[in-house]
Amino acid sequence: MRIAILGATGLVGRETVALVARAWPGASLELYASRDQELVLGERVYPVRAAARLDDADAPRGELAFVALDDEHSKRYVPRLLALGYRVVDKSNTYRQDPAVPLVTAGVNSARVDGSVHLVANPNCTTIPLTLALEPLRAAYGLASIAVSTYQAVSGAGIAALDAFLAASQGGYRTPDRLGAGFDPGAYAGNTVPHSGGTDDSGFSSEERKLMFESRKILDLAELPISVQCCRVAVAVGHYENAWVTCERALDPDAVGALFADARKAPYVRYVPGAAGDGLSAVASAQDRDRALVGRMRRDPRDASRRTLCLTVVADNLRLGAATNAVRIASRWFPSADPDLQAPA
């Protein structure tokens with residue numbers, strides 16, 4: 001089959017190219033970016049064409065497309081891909097709030113993707129791992145309310161921001177300074193900053209609003225009380241989330257640990273036992289890239305009803321939080337050769 005990847009030279013696009021080779025090794029790839037160029041991945045060199053060529057009358061038709069573009073360009077090219085016969089997984093924010101478009105975390109609501117669906121929205125990079133951790137709790141205990149604090153890697157801001165961060169970090173740490181006075185207080189290097197993009201009159205940023213809205217839609221809990229505080233930290237890859245989860249019924253931490261350790265009930269989750277959180281880190285997530293690491297679980301001492309747990313969720317934001325989930329979504333249409341990339345119903 002023919003697979004198109006738009007935004008192929010970006011961080012998520014590159015990961016998607018590698019995953020497609022695992023899922024559908026015989027597929028023909030059509031890669032697109034802002035201009036004609038080449039993409040070098042390991043020993044492979046891929047030709048990349050300007051996305052504007054899709055507007056041509058003789059643009060190639062195909063079966064499957066992954067779109068890793070900003071909202072403006074997604075609005076332009078997704079309708080064109082659908083007209084050319086592609087089934088599309090879009091990774092931007094463009095269609096996530098559209099009630100007619102399924103918003104899917106593979107392993108949570110994969111059954112939304114069937115033969116009648118031609119467009120699926122891929123959730124935000126914090127929403128995917130969080131909902132993988134919440135769904136087993138919802139199924140076993142019901143969900144009453146959620147509070148989340150996120151610590152997000154710079155790569156979530158794109159390849160230009162990541163490259164600038166790496167350069168600034170290298171320069172800033174070259175001169176010993178225990179106070180870090182040489183760093184820009186408004187930039188990412190050596191810093192922790194509010195995730196303040198698109199802050200509205202409510203005081204919540206667009207990133208925080210995404211996590212609240214998307215979690216409700218994916219879990220099919222439109223009235224779920226959820227509050228979110230997001231920040232960006234000086235880490236290249238790996239989003240870290242602390243969550244306070246209140247369920248409808250009392251919880252036993254040992255039983256919840258067994259729930260998370262059961263791959264049938266908690267797909268794509270790796271449970272990390274122990275309240276200390278050993279093994280839960282951004283770097284650890286970059287070494288187990290296609291799973292949500294869940295652990296550091298303990299009771300919230302403020303809740304006498306024993307219905308609230310504190311827990312940590314960590315995931316590679318480029319893979320599980322973006323490219324891996326998109327490929328697993330598409331495996332509902334076209335079965336994956338790699339069983340780890342095949343989404344359950």
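The structure, a predicted model, holds 4 aromatic pairs, a pair being rings of Phe, Tyr and Trp (its six-membered ring) whose centres lie within 6.5 Å, with planes under 30 degrees apart counted as stacked, over 60 as edge-to-face and the rest as tilted. One of them joins Tyr 151 and Tyr 240 edge-to-face, at 6.2 Å centre to centre and 70° between the planes. This pair links distant parts of the chain, 89 residues apart, where strands are DSSP runs (E) of at least two residues and helices (H or I) of at least four, numbered from the N terminus.

The table gives relative accessible areas, with buried meaning under 20%, exposed over 50% and partly exposed in between (1.4 Å probe, protein chains only).

| Residue | Relative accessible area | Class |
|---|---|---|
| Arg 96 | 4% | buried |
| Tyr 151 | 27% | partly exposed |
| Tyr 240 | 23% | partly exposed |

Arg 96 lies in the loop between strand 6 (87-90) and strand 7 (119-121).

Residues are numbered from 1 along each chain as its sequence is written. In this predicted model local features need pLDDT of at least 70 and side-chain atom pairs count only at pLDDT 80 or more, while totals for chains, interfaces and linings use all residues, and side-chain values use heavy atoms, with hydrogens and water left out.
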